[in-house]
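Hello,

Here is the structure I said I would pass on. Please open it first, then read the notes below.

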Amino acid sequence: MHIISVINYKGGVGKTTLTANIAAELAYRGHDVLMVDLDPQASLTFSFIEPEWWRKEIAVNKTIKNWFSTKKRERCKNFNQLILSPEAVNDALDGRGRLDLVSSHLDLINVDLELATELGGVDMKQIGEKFVKVHRRLKEGLDQIPDEAYDFVIIDCPPNFNIVTKCAIVASQYVLIPAKADYLSTMGIDYLKTSVQKLVKDYNDFCAKADDDDDEFLPINPELLGVVFTMVQYYGGLPINACRQYIDQTRELGNSVFDSYMRENKTLYADAPRSGVPVVLGFKRNRADVVREIENIVDELEVKL
Amino acid sequence: MLYDLNNFYLIEIERYIKFLKSLTPAQLAKLDIGDAQISFIFDEIACCDVFPVNHADNNLVMESILESISQLESKAEFDQYFKSLGLKRKDLEALCRAKDIPYTKRDNMSALKDKLYERLVGFKLRSRAIQNDN
């Protein structure tokens with residue numbers, strides 16, 4: 001089971017669109033894929049399920065908030081109970097693979113404050129143990145899923161580096177960074193790399209200091225899979241010059257950059273979430289050019305894993 | 001190591017060494033048996049300034065300038081080096097083209113210079129600053 005976090009500090013970089021399409025393409029290739037929506041905006045969730053149905057059937061006790069919540073009456077202890085199988089996308093997959101989802105909740109934003117109250121301690125040992133315990137929260141949930149149940153778990157992270165996001169990094173073997181080819185988004189890559197390095201160091205230091213041989217204190221080492229450029233504008237078959245320079249800069253800074261990009265296409269990408277079927281599945285026949293780009297990204301991803 | 005910014009010959013020697021290192025075993029074998037050769041062409045040039053050619057028309061000089069700029073470590077070094085070059089608008093445009101930097105005819109010399117700084121030096125300094133600050 002490969003666990004991948006999709007994250008960039010900068011919002012609006014096409015993170016959710018990339019997550020949904022990569023997950024759908026992997027499922028189309030016959031894999032069983034679980035998506036976990038950790039973004040309180042719940043965009044990934046509402047790309048696959050109707051908000052009205054979510055509110056009636058899911059919101060109270062079947063979202064990721066129920067896993068993270070520190071309140072007893074809200075907390076769910078069986079992660080598997082939070083998994084949904086969105087109907088429209090699985091119909092479109094027609095049995096090739098499976099695409100499941102753990103949905104987000106708009107109140108997830110408050111969970112960070114709750115988790116923060118669980119940090120601290122009277123001495124360094126206790127501080128360390130609590131740090132590890134809190135940041136392992138998602139990993140513990142994913143550990144409850146039988147290894148053979150999914151080939152991929154793809155986590156859509158919020159555009160920040162709060163505790164919930166850190167939990168995603170701790171739970172992941174890989175980190176994938178979507179970025180727009182512009183000044184602020186590419187700067188977000190540097191912030192993210194630094195933050196991930198610091199988290200890994202802090203977490204592993206605390207694990208090393210814990211005098212416990214339990215699996216709970218094993219070090220982590222998430223690998224940066226690379227940067228996928230999204231919303232790229234094309235002219236004459238090539239990314240426009242203004243995009244190219246940021247892509248080149250990112251490469252020159254030593255980042256691994258996917259050779260394939262996702263193009264800007266508001267007509268397709270803006271409306272696809274309403275149907276519950278990502279572009280890569282819904283437009284395989286009539287927009288092969290756009291779909292091919294996502295397929296190429298997934299080709300590269302599979303080679304990197 | 002920072003190049004002597006005005007000594008293109010040193011830069012050229014390093015480029016030549018890099019070129020030699022990039023040769024494949026097959027290419028080296030061709031050189032060994034005389035099926036291939038490496039040539040240097042002496043081009044006599046008209047004037048004799050520090051940069052005796054029209055930069056915009058000379059790819060080697062342009063590449064050397066770009067390589068030198070990319071070694072710079074601060075805005076002050078960049079400004080100083082740029083001043084020493086005495087480049088004309090045509091040269092700046094050629095440098096922008098060589099680095100695929102978008103510019104328009106409305107960009108003045110200062111704007112072109114800023115774009116070159118950002119593309120060749122600024123982004124690296126910014127990345128380093130972000131990663132060291134945290």
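Chain B and chain A bury about 1400 Å² between them, and carbon and sulfur atoms give 53% of that area. This is a predicted model, so treat what follows as computed from it. On the chain B side, the residues that lose the most area to chain A are B:Asp100, B:Arg119 and B:Ile130. Together they account for 37% of what that side buries. In terms of contacts, 13 residues of chain B meet 14 residues of chain A.

The interface also has charged pairs. The rule finds 3 salt bridges across it. One salt bridge links A:Glu252 to B:Lys99, with the closest N and O atoms 3.8 Å apart. That distance falls within the 4 Å cut-off for a salt bridge. Polar contacts between chain B and chain A come to 5 residue pairs, both residues at pLDDT 80 or more.

Next, salt bridges in general. Over all chains the count is 35.

Start with A:Lys65 and A:Asp107. Their closest N and O atoms are 3.8 Å apart, and the pair forms a salt bridge. A:Lys65 sits in helix 4 (residues 64-68) of chain A. A:Asp107 is in the loop between strand 4 (98-102) and helix 6 (108-116) of chain A. The pair therefore ties together parts that are 42 residues apart in sequence. A:Lys65 has a relative accessible area of 12%, so it counts as buried, the cut-off being under 20%. A:Asp107 is partly exposed, at 34%.

Then look at A:Arg98 and A:Asp100. This salt bridge has its closest N and O atoms 2.9 Å apart. A:Asp100 is buried, at 3% relative accessibility.

A:Arg287 and A:Asp289 form another salt bridge, with the closest N and O atoms 3.0 Å apart. Here A:Arg287 is partly exposed at 26% relative accessibility. A:Asp289 is also partly exposed, with a relative accessible area of 37%. Salt bridges that share partners join A:Glu25, A:Arg29, A:Lys284, A:Arg292, A:Glu295, A:Asp299 and A:Glu302.

Now chain A overall. There are 15 helices and 9 strands in it. Its radius of gyration is 19 Å, close to the 19 Å that the globule rule gives for 305 residues. Chain A is therefore as compact as a globular protein of that length. Along the principal axes, its C-alpha atoms fill a box of roughly 65 × 45 × 30 Å. Of the 305 residues in chain A, 54% are buried. Take the chain A contacts between residues at least 6 apart in sequence: 77% of them join residues at least 24 apart.

Chain B is helical. It has 6 helices and 0 strands, and its pattern along the sequence is α-α-α-α-α-α. Buried residues make up 31% of its 134 residues. Among chain B contacts with a separation of 6 or more, 52% come from residues 24 or more positions apart.

One is B:Leu87, in the loop between helix 4 (75-85) and helix 5 (89-98) of chain B. B:Leu87 counts as buried, at 11% relative accessibility. The C-alpha atoms of B:Leu87 and B:Met109 are separated by 9.5 Å, and the two residues are 22 apart along the chain.

The other is helix 5 of chain B. Where are its buried residues? They include the run B:Asp91, B:Leu92, B:Glu93, B:Ala94, B:Leu95 and B:Cys96. After helix 5 comes B:Asp100, with a positive phi near 60°. B:Asp100 is also one of the three chain B residues that lose the most area to chain A.

Best wishes

Terms used. Residues are numbered from 1 along each chain as its sequence is written. Chains are lettered from A and ligands numbered from 1 in the order in which they are written. This is a predicted model: local features need pLDDT of at least 70, side-chain atom pairs count only at pLDDT 80 or more; totals for chains, interfaces and linings use all residues. Side-chain values use heavy atoms; hydrogens and water are left out. Contact means heavy atoms within 4.5 Å. Buried area is the accessible area (1.4 Å probe) that two parts lose on being put together, summed over both. A salt bridge is a side-chain nitrogen of Lys or Arg within 4 Å of a carboxyl oxygen of Asp or Glu. A polar contact is a pair of N or O atoms within 3.5 Å; within protein, one must be able to donate a hydrogen and the other to accept it, and residues adjacent in sequence count only if both atoms are side-chain atoms. Helices (H or I, at least four residues) and strands (E, at least two) are DSSP runs, numbered from the N terminus. Buried means under 20% relative accessible area, exposed over 50%, partly exposed in between (1.4 Å probe, protein chains only). The radius of gyration is taken over C-alpha atoms; the globule rule is 2.2 Å times the number of residues to the power 0.38.
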